Amino acid sequence: MGLPELPEKVKEAQIVSHFATARRVTVRYIFSLGCFILLWHLTASYVGKPNTLPSPGVVGLQAIEVIGSGELLSHTASTLRRLVVGFAIACFVGIPFGLLFGLSKSLEAYTTPLIEALRPISGIAWIPLALFVLGIGEELPHFIIFFGALFPIILNSADAARMTDVNLLNAARTLGASRWLIMKEVVLPSALPMIFVGLRLGLGVGWMGVIASELIGAPSGLGYMIEWNRTMLMSSRVLVGVFTIGLIGYLMSLLLNFVARKSTPWWGGWSRRDL
Amino acid sequence: MIYKLRSVLISQRWGKWLKPLLIPIVLLAMWQAWAPIEGSASGIAPTPSGVVRGFWELTVSGELPSSLFESLTRIGSGFCIAFTIGVSMAICVWYVRLAEYLIDPLIETFRPIAPIAWIPLAILWFGTGTWAAIFIVSYAVFFPVFVNTLAGLQSLDKRLLDAARTLGATKYMMIRDVVLPGALPAIVLGGRLGMGAGWAAIIAAEMTVGSKSGGGASGGIGQMMFIFLSYSLELRYIIVGMITVGCVAYMIDSVFRMVQRRISPWIQTS
């Protein structure tokens, strides 16, 4: 029969309290940001150097202008395209390799030293060498994102595969499942939540990597935009770029969280702070 | 031949040593063999032995130690600043309701902004010297420290706090004897994560400054690498720099892992 239905009144009360919480959080957010912007405005007018510290109003006007001219949009688009390509390659290489790495003792024995030797070298440290080999263009950010995102993805997938319940594996084996079937039906689903942890870490590192490589060696993108406006002393536009970088980073982790929650509905461990 | 290799790899005595070393040795040998072929075409292909020699040359000339020292000083001071601010701010947010309402949304707003994105503004505000780098490092370290400290504080055992209060502890005693020890594992974890992010950020900062200001004022290991790219094209020196960056990252992480094992042996660190 299942549990009895909740009475209508309780349901309504739940919805109302949910809305009340949401409204309270929004009010707090607006209040806090308002205080910050006021403080910023006062500091800016006290310092009085719009080339160094522009006031929030100027930044807002510049934001409208940059969005209106399509400059921001095209830079954002090229940054995102690079991120998607680099990150997708890292996923396609990292997840299968990581799962195999976690399951196979001999693969682990052969490749651990290589991974442990390459892992501490952050993707960003590859920029000078990659700049020489690949030149200025699309390949440099692709490579830096790929390299940065690869190791968190591999290591978390490997940990996830190692933590697969032995009873489940044995049960599947007893029922005569092939290796491929075990991989697809047992290991992958049980590993999925932790794979997403790796993806999230990798996405963060990759996002750093794409901005860094655009700051140094790319002819377009958000990193290029802020560096170019810095040399033009347009610090208000630099700030617009910086906030856009933050906003997109935030939206991406929201998106990844959403995907993670939808694809692993049985996993209750996702929290707001996990972004 | 293949069979012999296989039996050696499987054997208990040699396999344990040979298995992990096989792929690195093969790769290094391939690199050493490939470099002269490529080098005769382009003229500048570094070899592993050249990298080792480069390591020695840079150490003797003092270039590597001095720039490494500079980077380490920056990350050390940036870490101290951010750690102090982060921990005290987290305690403040945890303890005072109003501070939480005011600060928490700001933290959530600024946290997604990659520290590297601030580099152009840091150059505008602080010039191309040490202070810009310290600002970037502090920004990178602050958020992991703050978030983890706050999480540690929020997961403190309520009963311990109540017990201390019942026994008549003052606020100062509570913070010193209950709150800080209880949250210490989380604080150290935050420091470890922050230090990892900070080291990557400082390399990026030094490289950007080095690549844009035409050398000079900034120094540090990131700039050293970029100068070799833009002025002398000594690729093997760049590789020396990369290996150093990796080794330092590894050592910093090991130190934090050691501290973690000391203060919280029940948490597995990997």
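I began with two definitions: the expected span of a helix is 1.5 Å times one less than its number of residues, and helices (H or I, at least four residues) and strands (E, at least two) are DSSP runs, numbered from the N terminus. I noted that this is a predicted model, in which local features need pLDDT of at least 70, side-chain atom pairs count only at pLDDT 80 or more, and totals for chains, interfaces and linings use all residues. Residues are numbered from 1 along each chain as its sequence is written, while chains are lettered from A and ligands numbered from 1 in the order in which they are written.

**Entry 1: spans and bends**

I looked up the span of α8(A), which has 39 residues. Its end C-alpha atoms are only 45 Å apart, whereas a straight helix would reach 57 Å. I then found a kink of about 55° at Leu192(A), shortly before the proline Pro193(A). The bend at a residue is the angle between axes fitted to the seven residues ending there and the seven starting there.

I checked α4(A) in the same manner. Its 14 residues should span 20 Å, and the end C-alpha atoms are 20 Å apart, which agrees.

**Entry 2: α3 and α8 of chain A**

How does α3(A) cross α8(A), right-handed or left-handed? I recorded a right-handed crossing; a crossing is right-handed if the near helix is turned clockwise from the far one by less than a right angle, and left-handed if anticlockwise. The axes of α3(A) (residues 71-103) and α8(A) come within 9 Å and cross at roughly 140°. Axes are lines fitted to C-alpha atoms, for helices over the stretch in contact, and angles run from 0 to 180 degrees between N-to-C directions. That angle makes α3(A) oblique to α8(A): under 35 degrees counts as roughly parallel, over 145 as roughly antiparallel, 65 to 115 as roughly perpendicular and the rest as oblique.

Among the residues in contact are Gly86(A) and Phe87(A) of α3(A), and Gly202(A) and Trp207(A) of α8(A). Two residues are in contact if their C-beta atoms, placed from the backbone, lie within 7 Å.

**Entry 3: α3 and α4 of chain B**

I found that the axes of α3(B) (residues 48-61) and α4(B) (residues 63-95) come within 4 Å and cross at roughly 75°. The two helices are therefore roughly perpendicular. Leu58(B), Thr59(B) and Ser61(B) of α3(B) make the contact with Glu63(B), Leu64(B) and Pro65(B) of α4(B).

**Entry 4: between the chains**

Lastly, I examined where the chains touch: 42 residues come from chain A and 43 residues from chain B. On the side of chain A, α10(A) supplies the largest share, 8 residues.

One helix pair here is α9(A) (residues 222-231) with α6(B) (residues 119-126), whose axes come within 9 Å and cross at roughly 20°. That makes α9(A) roughly parallel to α6(B). I listed Ile226(A), Glu227(A) and Arg230(A) on α9(A), and Pro120(B), Ile123(B) and Leu124(B) on α6(B), as making the contact.
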